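Please read the report below alongside the sequence and the 3D view.

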Amino acid sequence: MTDFKWWQTALFYQIYPRSFADGNGDGIGDFPGITAKLDYLKDLGVEALWLSPHFPSPNWDCGYDISDYCNVAPEYGTLADFETFLREAHARQLRVILDLVLNHTSDEHAWFLESKSSRDNPKADWYVWVDTPPNNWQSCFDGDAWTYVPERNQYYYHYFMKQQPDLNWHNPAVKQAMWDAVRFWLDLGVDGFRLDAIGTIYEDPQLTPHTVPMNLAQLRHFSDTARTPSEKQQRDRYWHDMFKHQWGRPELHDLMKELRTILDEYDGDRMLVGEDDNIDYMGYGDDELHLVFNFPLMRTEQLSPAHIRKNQKNRLARLDELPTRGWGCNTLGNHDSSRIYSHYGNGQHDAELARLNAALVLTLRGTPFLYNGEEIGMQDLIITDPGKLRDTMATWYHTALIHDLHIDPVEAARRAGEMSRDKNRTPMQWGPLANGGFCPEGVEPWLPVHPNHLEGINIREQQDNPDSLLHYYKRLIRTRKSTPALLTGEYQPLHTQSNDYIAFLRTCPTQTVLVILNYSPDHRNLKFSGTGKKTARGLFSSAGRSQNDQPLGKISLGAFEVFIAELI
Ligand code: NOJ
């Protein structure tokens, strides 16, 4: 255990500041609100917090369009509120990492305002400027990737919304300015960063056009209507081909090395986790990113044993190839994706599947990340009134559907609501109270609270109910923390032919642990041989079976049961 760093064994919890807890009663989450909930988080058992952006922002992309990298958005509080939060978190041994958006700033950032003001100002070259659009590149959020600015009679490039101009990372002054911001937060004591959209930082210098026979709106429309396997394959190919010249450049390695060097100057094992699944960005294993997310695990409609096994086989083999062995990072959801409950449910056994999937992330080898609200089984809330959508990616698509693609307005509203990330960003449900206890009665929260907060999907009632999902998470997290093999052990798949359940060993020098996740409604008796052990001593069972011993030759497993046992 001693050879492992804190970021390898910690359970990370993502806080979406706007939706977490409203301390001042304005319908928007804030730092006083978060600070007041730190005891809840400590009690849950998480050990590190990732904050989605908390910086000043015009909020065209919910904070991912930053207008000042060294401050706190006024709606979230002051820098002093942030410092109080950080101090209080650290006092509870909770680490804190921030969201660092390197690819782009807000178009209201002082750097961009200066850059766009003329062709010869000191920051003229801080963004990516061209005289005429050189190609058909698309922004992945709002159509054309090139936007005109009359002051310069030129166009700038943006991979995301036009309010998010891409920085020119070939300019050393840009690096310097951003590294200053990085140091600002490291000096305050933050423990690291989640790096937003790093793959998009550099583009193909040849500016090669894409060859997909449609634009972004048409591609989204095509994706919505793809039904057959071949249409779905075509859809995936088109998405890849449309953007492949706009991300994934090798220049990124040097940039990540530079950033890593800065972090390594600080004490306390500060860390970097990249919002990318490319293991290459871990460099040699100790010179670029500490972690990248295992997004391929999430990218499936159903988490089947076969999918999980294949994913683990590929990822772990690739991590093992790094000269200093890499470490995995597993998650099933975040502020950009559907809620676990909604995404991986099958309409029949959603509750059971939510429990299995929680156990999956907490028992696989690698650092687990949990998105706020998953611990009580929050679900997607589809907003059907387009006027209430806050995710501008969805409002843009809604307009394009109606005006460019001439889709019926009711259908357009449904599709925009479904693709909108608002559905998984709704306020935390703290109790069976007005506004779910997120903000006071009579105040309109920035996004509607899911009405199911009145049906038991809330923290207060689940805290009082030992059978709740919240208690289940707490027990699982406690089991994980007190079981060295689950924290650090090797992963070895067992019974690899089964379509119904997944079984694997986690082994460290002091312990061998068996994990079985039964994804089927069938009860079964399983026989495990060749482990060199005879008995499974129960550590955890979702079926509430007592911590008894079972012979490895006959392990009994209930429907949808999660069973974790130490082998002796
Ligand atoms: C990835 C973030 O997770 C997402 O929410 C954001 O819209 C884009 N990057 C742009 O910053």
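## The second largest cavity

In this predicted model, the second largest cavity holds about 70 Å³ of space. A cavity is found on a 1 Å grid over the protein atoms alone, as a set of points where a 1.4 Å probe fits but cannot get out; lining residues have an atom within 4 Å of a point. Grid points are joined across faces, edges and corners, and a volume is the space filled by probe spheres set on the points. Rolling a probe the size of a water molecule over the atoms shows where empty space is left.

The lining of the second largest cavity includes Met 282, Val 292, Asn 294, Trp 327 and Arg 365. Helix H12 (305-321) and strand E12 (329-331) each give two or more residues to this lining, and H12 provides the largest share, 4 residues. Helices (H or I, at least four residues) and strands (E, at least two) are DSSP runs, numbered from the N terminus. By class, the lining has 6 nonpolar, 4 polar and 2 charged residues. Here Ala, Val, Leu, Ile, Met, Phe, Trp, Tyr, Cys and Pro count as nonpolar, Asp, Glu, Lys and Arg as charged, and the others, Gly among them, as polar.

## How the model was treated

Residues are numbered from 1 along each chain as its sequence is written, and side-chain values use heavy atoms, with hydrogens and water left out. As the model is predicted, local features need pLDDT of at least 70 and side-chain atom pairs count only at pLDDT 80 or more, while totals for chains, interfaces and linings use all residues.

## The largest cavity

The structure holds 4 cavities of 30 Å³ or more. The largest cavity has a volume of about 80 Å³. It is lined by 15 residues, and the closest to its centre are Ile 340, Val 361, Phe 369, Leu 370 and Tyr 473. Helix H14 (350-363) and strand E13 (367-371) each supply at least two residues of the lining. The lining of the largest cavity divides into 11 nonpolar, 3 polar and 1 charged residues.

A pocket is an open set of grid points with protein on both sides within 12 Å along at least five of seven lines. The largest pocket contains about 2,500 Å³ of space. Its lining has 50 residues, of which Arg 220, Trp 239, Arg 299, Asp 336 and Met 393 are the closest to its centre. Elements that give two or more residues to this lining include helix H8 (216-225), helix H9 (229-243) and helix H15 (392-403). H9 gives the largest share, 6 residues. The lining of the largest pocket divides into 15 nonpolar, 14 polar and 21 charged residues.

The second largest pocket has a volume of about 550 Å³. Among its 30 lining residues, Asp 3, Phe 4, Lys 5, Gln 8 and Trp 327 lie nearest its centre. Helix H10 (252-264) is one of the elements that give two or more residues to this lining, and H10 gives the most, with 3 residues. The classes in this lining are 10 nonpolar, 10 polar and 10 charged residues. Where does the second largest pocket lie? Domain 1 (6-102 + 172-201 + 245-381 + 451-472) and domain 3 (489-567) both give residues to its lining, so it lies between them. The domain bounds come from an automatic or database domain assignment.

## Around the ligand

An N or O atom in the side chain of Asp 61 is 2.6 Å from an oxygen atom of the ligand. For His 335, a polar side-chain atom lies 2.8 Å from an oxygen atom of the ligand. For Arg 421, a polar side-chain atom lies 3.0 Å from an oxygen atom of the ligand.

## Strand pairing

Two strands pair if DSSP finds at least two bridges between them. Three strands form an open sheet in the order E4-E8-E7, with antiparallel pairing. Strand E4 (129-130) and strand E7 (146-149) are the edge strands, and each pairs on one side only. E7 and strand E8 (residues 154-157) pair over 4 bridges, and Tyr 156 in E8 is the bridge partner of Thr 147.

Strand E18 (residues 535-541) pairs with strand E19 (residues 549-551) in the antiparallel sense over 3 bridges; Gln 550 in E19 is the bridge partner of Ala 536. E18 is also joined by 5 bridges to strand E21 (residues 562-567), and these two run antiparallel. In E21, Glu 566 is the bridge partner of Arg 537.

Definitions and conventions: A polar contact is a pair of N or O atoms within 3.5 Å; within protein, one must be able to donate a hydrogen and the other to accept it, and residues adjacent in sequence count only if both atoms are side-chain atoms.
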